Amino acid sequence: IMKIKKYIFTIALLVGLFFLCNSKVYAGDLELKNLDYDVQLNTDGSANVTETWDISIEDTNTLFKTFEIDKSKYSEISDVSVIETTNGSIDNFEEIYVEKYHVDKNCFYALINSKGQFEIAWGVHENNYARRTFKINYTIIDAIKNYKDCSEFYWQFISTKSSIPADYVTGTITLPTNVTKLEDLRVWAHGPLNGNITKVSANTVNFEVENLDRNTMLEARVVTPTYVFSENQNTSSVAKLNSILSQEQEWADEANKERERRLQEEKAASMIIKTVIIGLNIVGLLIGIIFIKKINKYKEELKNEINKSFEKYISEFDNIPESLKDKRVIEVDRTPTENLAYQVGWTTLVLKWEDDEKQGIEVKTPSDMFKWNQLGELYQWFTDTYAYLSLQELKDMLKENINSIYEMIDSLSDEELFEPHM
């Protein structure tokens with residue numbers, strides 16, 4: 001049978017993933033839950049854009065959206081407005097005409113900032129945690145370039161300088177008229193390899209990407225016949241289509257190579273870790289290929305990853321008073337104490353497995369009382385055993401368990417920790 005060390009390694013790694021899966025439950029970082037772009041391209045070569053930000057914010061005064069000034073891509077951005085639509089309300093922000101680090105509440109500016117970027121900034125003044133929705137409207141002048149043999153819309157929606165991650169990004173690009181032949185509508189997206197761009201119809205393009213990290217670029221390129229933008233004055237006598245096709249093919253080849261490299265990496269990782277938790281109130285994968293790629297086969301790397309995830313997780317409870325420890329909210333399937341009890345339960349089991357093996361006691365996973373197909377009952381046992389404690393007591397227990405796991409990692413050889421044994 002595979003020795004229990006493999007399970008210890010699996011769950012030790014998993015500690016970090018558990019914290020990641022459960023973070024942002026009660027207190028939120030600045031994070032876009034959903035980000036949607038509605039882009040209407042016009043016959044004169046302009047583009048009307050509406051960005052809808054469904055965002056969790058905490059202790060935040062001002063939100064920013066910046067554009068690099070690039071005359072080869074557009075000439076200016078105009079007709080900016082900012083509207084808050086949280087919970088169906090409509091609150092039009094007032095425009096001011098001076099750059100501020102802290103923008104006045106319910107105000108916005110849209111201008112060239114001190115760094116030479118075009119910037120839209122609006123005051124939200126949120127001292128607590130909240131999930132709010134904003135619509136940012138603007139018009140891109142000369143967004144389309146008419147070449148001798150094609151028209152091109154090439155726009156970077158999110159730059160590598162963006163500091164806000166997004167759970168889900170979607171977009172719709174609508175042409176002013178249909179293309180006669182669907183094959184004459186050519187579309188590409190650049191950014192994460194898990195993104196998709198699709199021709200929905202002869203005048204509509206959709207794109208989407210999940211789990212967009214901060215500082216990750218996302219852009220789209222749409223190429224059509226010139227008759228689609230018949231009134232466009234932004235023209236060039238250069239024939240561009242062949243060079244666009246050649247460039248996109250080169251980038252597609254590079255992306256495919258990267259996909260293949262990641263696929264092989266995932267296959268190799270799956271030979272080591274295949275444990276999946278199923279059952280009621282499941283957090284998710286015990287350990288996944290994505291997480292294993294984040295660490296190298298070194299103890300310090302492993303401990304650093306666990307610590308980083310743990311610190312992020314435990315900080316979520318800093319502002320929760322003891323009076324709310326058993327508070328249940330609609331969007332969360334566990335109370336604060338149940339959430340901590342779950343983590344305490346798993347980390348306690350990890351340490352028990354290791355201790356039992358050292359003493360020569362038969363190790364039963366996941367526990368002496370429950371099998372892997374009884375995880376719902378196990379989670380309830382965690383709640384019954386630990387959730388009556390105070391938040392501070394649970395946090396102290398979890399910290400103690402994490403420190404013990406660090407000691408366990410240090411005590412094991414690299415072979416014991418990282419290699420499967422028969």
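**Note on the predicted model: strand pairing, salt bridges and local geometry**

1. Tyrosine 109 stands opposite alanine 121 in strand E7. The strand covers residues 118-141; strands (E, at least two residues) and helices (H or I, at least four residues) are DSSP runs, numbered from the N terminus. This is a predicted model, in which local features need pLDDT of at least 70 and side-chain atom pairs count only at pLDDT 80 or more, while totals for chains, interfaces and linings use all residues. Residues are numbered from 1 along each chain as its sequence is written, and side-chain values use heavy atoms, with hydrogens and water left out.

2. The pairing of tyrosine 109 with alanine 121 belongs to the contact of strand E6 (residues 107-112) with E7, an antiparallel pairing over five bridges. Two strands are said to pair if DSSP finds at least two bridges between them. E6 and E7 form a hairpin with five residues between them. Within the turn, glycine 116 has a positive phi of about 80°.

3. How many bridges join strand E2 to E7? The number is 19, and E2 (residues 47-67) runs antiparallel to E7. Within this pairing, glutamate 51 has isoleucine 136 of E7 as its bridge partner.

4. Strand E3 (residues 76-84) is also antiparallel to E7, with seven bridges joining them. Here the bridge partner of isoleucine 77 is isoleucine 140 in E7.

5. Strand E7 is largely enclosed by the rest of the structure, because 17 of its 24 residues are buried. Buried means under 20% relative accessible area, exposed means over 50%, and partly exposed lies in between (1.4 Å probe, protein chains only).

6. The term denotes a side-chain nitrogen of Lys or Arg within 4 Å of a carboxyl oxygen of Asp or Glu. Side chains of opposite charge can pair when their charged atoms come close. The count by this rule is 14 salt bridges. Glu84, Glu126 and Arg132 are linked in a network of such bridges.

7. Glutamate 51, already noted for its partner isoleucine 136, also forms a salt bridge with lysine 65, with 3.1 Å between the closest N and O atoms. Both glutamate 51 and lysine 65 are buried.

8. Since glutamate 248 lies in helix H2 (residues 241-270) and arginine 221 in strand E14 (residues 218-224), the pair ties together parts that are 27 residues apart in sequence.

9. Lysine 100 and aspartate 104 form a further salt bridge, their closest N and O atoms being 3.1 Å apart. Lysine 100 is partly exposed at a relative accessible area of 29%, and aspartate 104 is partly exposed at 36%.

10. Aspartate 59, in strand E2, has a positive phi of about 50° although it is not a glycine. With 55% relative accessibility, aspartate 59 counts as exposed. Aspartate 79, in strand E3, has a phi near 55°, again a positive value in a residue other than glycine. Aspartate 79 is exposed, with a relative accessible area of 61%.

11. Which peptide bond is cis, with omega near 0°? It is the bond from threonine 365 to proline 366. Proline 366 is found in the loop between helix H5 and helix H6 (375-386).

12. On the surface, Glu322, Glu393, Asp396 and Glu400 gather in a patch of negative charge. Patches are made of residues with over 30% relative accessible area and no salt bridge, with like charges joined within 9 Å and nonpolar side chains (Val, Leu, Ile, Met, Phe, Trp, Tyr) within 5 Å. Glutamate 322 is in the loop between helix H4 (299-314) and helix H5 (336-358), and at 36% relative accessibility it counts as partly exposed.

13. The loop between H4 and H5 also holds lysine 327. Lysine 327 is partly exposed, with a relative accessible area of 47%. From lysine 327 to glutamate 338 the separation is 11 residues in sequence and 9.9 Å in space, C-alpha to C-alpha.

Note on methods:
Accessible areas come from the Shrake-Rupley method with a 1.4 Å probe; for residues, only the protein chains shown count as cover. Lys and Arg count as positive and Asp and Glu as negative; His and the chain ends are not counted. The place of a charge is taken as NZ of Lys, CZ of Arg, CG of Asp or CD of Glu.
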